[in-house]
Amino acid sequence: MAQSEPFIIRVAVPSPLRRLFDYLVPADLLQSHSPNAVQPGCRVRVPFGRRQLVGLIIETAHSSEFDIAKLKPVGELVDSEPLLPPSLFKLFIWAANYYQHPIGDALFATLPVLLRTGQPLPEPGQPGWQLSHQGLGLGPNSLKQAPKQRALVEFLQTQGAAVLESVLLASFSRPVVRQLEHKGLLESCLIEPQNQAVSTDELLAENSLNLYDSQRLAMDAIQSHGFNCYLLDGVTGSGKTEIYLQSIEKVLRYGRQALVLIPEISLTPQTKKRFRDRFNVPMVTLHSGLSDKQRLVAWNQARSGEASIVLGTRSAIFTALKSPGLIILDEEHDQSYKQQDGFRYSARDLAVIRARQETIPIILGSATPSLESLNNCAMGRYSHLILDSRAGQAQQPDWHLIDLKNESVDSGVATSTLQAIEETLNSNQQVLVFLNRRGYAPALLCHQCGWTADCNQCDARLTVHRARARLICHHCDHQRRIPHHCPSCQSQQLIAAGEGTERSEAFLQQRFPSSKVLRVDRDSTRRKGAMQEVFDTADSGEPCILLGTQMLAKGHHFPNVTLVAVLDADSGLFSPDFRGHERTGQLLTQVAGRSGRGTARGRVLIQTHQPQHPLLQILMNEGYGQFAKKLLSERQLHQLPPFRHLVVIRAESNRAELAEAFLRQARRLAETIAVPSTSLAYLGPLPAMLEKRGGRYRYLLQIDADHRQSLHGLLSQLAGQLESQPEGRSIRWSIDVDPQEL
Ligand code: ADP
Ligand code: ZN
Ligand code: ZN
């Protein structure tokens, strides 16, 4: 590089603007740092307006389209080498481009918070505890009054130092650790990573299972090298997890890392435990319950290669990995993989892109694959691996539809359902009751005049929560007291109409007073450890009723449940969303799959007013696979995704006319870039499904096209133009590529 040439970096900063900012790296800074500190992927501190921001270098250059004399100098070079490995860096660029999201915001919204504030990467090693000088010299007779503390001292005397996790695993609690630290007997330390080369005969902590035939076929089809996407389509209990474990084993054997994504960690402690039980290798878990510091440490262990297995939820797809070998994404149909605000990415779709960029295999697993993935199999893009029977002795459950028109129903439970529950409890088995509505009742209405309690911030009814004596909006969380009389006609005849889980719980508890009724929904599990109690009771095998929302349908095994009752199948059949039927079929199949995973055969009762509904019939008689085929052919007929590509531009404002006007303008601009045709069409602006929410009016403009490229060409021009619209500043707007909800 010639001495006089300016060194310019283009920096992404956390800002809503879809552009990079040019800064000058002064010669003295260049000389005092290694060239690695000014590479793409390194952080810098830069002046931005009146603030100093942490940004990330995206490109380096020697010229700028701006006047170089006016460029501001960079304040500080934060990293001594790129924070992000090149492949992850590429993924971010790809994602920002594909989802039309500002790159700076995409980066900083998904990386650990402490990296955003400019904190250095932690030293390698895991935080742990060791005895202080004083602790080491502690005599055998001290701490007699505190046996727990004494025991921990002895534990550390034999172990040397230990990471917090193994201290906790050895049944010492955090308060005991704190008490000893307070007394100066214990101090925190960093524990050097173990020699990474776990020898291959020590890799497994337990033997892997002998695969049965279709598992063997699937396993043989999965290649450990090169990019390939496998859809592991296996009914619940068919042994998908065993395939994950054995595929991971293969890549661990040649020193690579596995990234495993699951929808929700707190609801599936079994999954985490199965990974831990199988392997003797360091594993980190990334989930929302971590502190900022813990998240940074875990992220860095993945980056440095200390962790061989990385288990996480959606945003873990952006974890840096030193030597990735395999990506697994379980429950690939799950909606939680799509971020629904801000940077609206799909972790599933990005996982496939990432695997392709890293040239490694990816396994998408589900008992109810998304129509997108099934279509990708049909098109030959993914390999379709099918496990159609349950592992071991467990059989598929039997489905029965219960026609609510012919039954008397109390608190949402039909007479024959009650009978079945009673029989099951009497034969010492467990029952799972599914109702996807929390609270006591979804509405409060006046028997005299028909008044209903509505949210004044949303187009929605308030839900009655009896235990908390409140009316609560499930869309904006607005709350108020339950009134004693109707505010409109003063009548005292107020009726809580319809059923939520709280009501069914009260009813079932009163009906079966000697059995435990365990409710699982967002209200009941707010308390820490509540979910664990439910799992413990379920695992104990004592006869009980597990009652809850879709939280119960997510992946957990309840081996002692032999009866599943779905109280309301109808609400999902009439959803206006084009994905409504797909979701309903998935949810019903998933809930049903909780049943009979042990040796006893399970039963599934579906309560409905529409027993002849063709979709229920096909789901029940032919199973999810045929059901999905039917839906796919309907999507093709109506030219809906995945046969056509969809983008939604959303706008919201506390004044409806502003949101709508912005989108009308957006449509005008768009139409000058791409004239409407059969291959690229516009719809809207239209009010969103719930037009008013949290006091804001929401509108959307839908654009659909038969080729992704034309849609993307349009969007990349349009996004820039919309950004410079002054009207856009007084409202909130966003672009949602491949929307999951309308
Ligand atoms: P899925 O992930 O498809 O729901 P799992 O992998 O959890 O299914 O398997 C269900 C049950 O069957 C588990 O208890 C598992 O240990 C058992 N299992 C899986 N594969 C085998 C096998 N090959 N032999 C015996 N048991 C198996
Ligand atoms: Zn009234
Ligand atoms: Zn509300």
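1. Helix α10 (residues 240-253) contributes 3 residues to the shell around ligand 1, the most of any element. Helices here are DSSP runs of H or I with at least four residues, strands are runs of E with at least two, and both are numbered from the N terminus. The model is predicted: local features need pLDDT of at least 70, side-chain atom pairs count only at pLDDT 80 or more, and totals for chains, interfaces and linings use all residues. Residues are numbered from 1 along each chain as its sequence is written, chains are lettered from A and ligands numbered from 1 in the order in which they are written, and side-chain values use heavy atoms, with hydrogens and water left out.

2. There are 17 residues around ligand 1, and Asn-210, Gln-215, Gly-237, Thr-241 and Arg-274 come nearest; a residue is counted if one of its heavy atoms lies within 4 Å. By class the shell holds 5 nonpolar, 8 polar and 4 charged residues. Nonpolar means Ala, Val, Leu, Ile, Met, Phe, Trp, Tyr, Cys and Pro, charged means Asp, Glu, Lys and Arg, and the others, Gly among them, are polar.

3. The side chain of Gln-215 places an N or O atom 2.8 Å from a nitrogen atom of ligand 1. Backbone N or O atoms of Gly-237 and Gly-239 lie 2.8 Å and 3.0 Å, respectively, from an oxygen atom of the ligand. Of the 560 Å² of accessible area that ligand 1 has on its own, the protein covers 73% (Shrake-Rupley method, 1.4 Å probe).

4. The chain is divided into domain 1 (8-116), domain 2 (126-191), domain 3 (200-387), domain 4 (398-439 + 500-637), domain 5 (442-497) and domain 6 (645-737). These bounds come from an automatic or database domain assignment. Between domain 1 and domain 4, the C-alpha centres are 50 Å apart.

5. The zinc ion (ligand 3) has the SG atoms of Cys-455, Cys-458, Cys-473 and Cys-476 as donors, at 2.2 to 2.4 Å; donors are N, O and S atoms within 2.8 Å of the metal (3.2 Å for Na, K and Ca), and water is not among the atoms, so sites may look incomplete. The site is tetrahedral because its 4 donor atoms subtend angles of 103 to 113°, the criterion for four donors being that all angles lie between 85 and 135 degrees. Along the sequence the spacing is C-x2-C-x14-C-x2-C. Cys-455, in the loop between β20 (443-446) and β21 (463-465), and Cys-473, in the loop between β22 (470-472) and β23 (479-481), are 18 residues apart.

6. The peptide bond from Pro-641 to Pro-642 is cis, omega near 5°, with Pro-642 in the loop between α20 (614-637) and β29 (645-653). Gly-684 and Pro-685 are also joined by a cis peptide bond, omega about 10°; Pro-685 sits in strand β30 (residues 680-693). Ala-469, a residue other than glycine, has a positive phi near 55° and lies in the loop between β21 and β22.

Technical notes:
A polar contact is a pair of N or O atoms within 3.5 Å; within protein, one must be able to donate a hydrogen and the other to accept it, and residues adjacent in sequence count only if both atoms are side-chain atoms. Four donors count as tetrahedral if all angles lie between 85 and 135 degrees; four count as square planar and six as octahedral if opposite donors are over 155 degrees apart and all others between 65 and 115; anything else is irregular.
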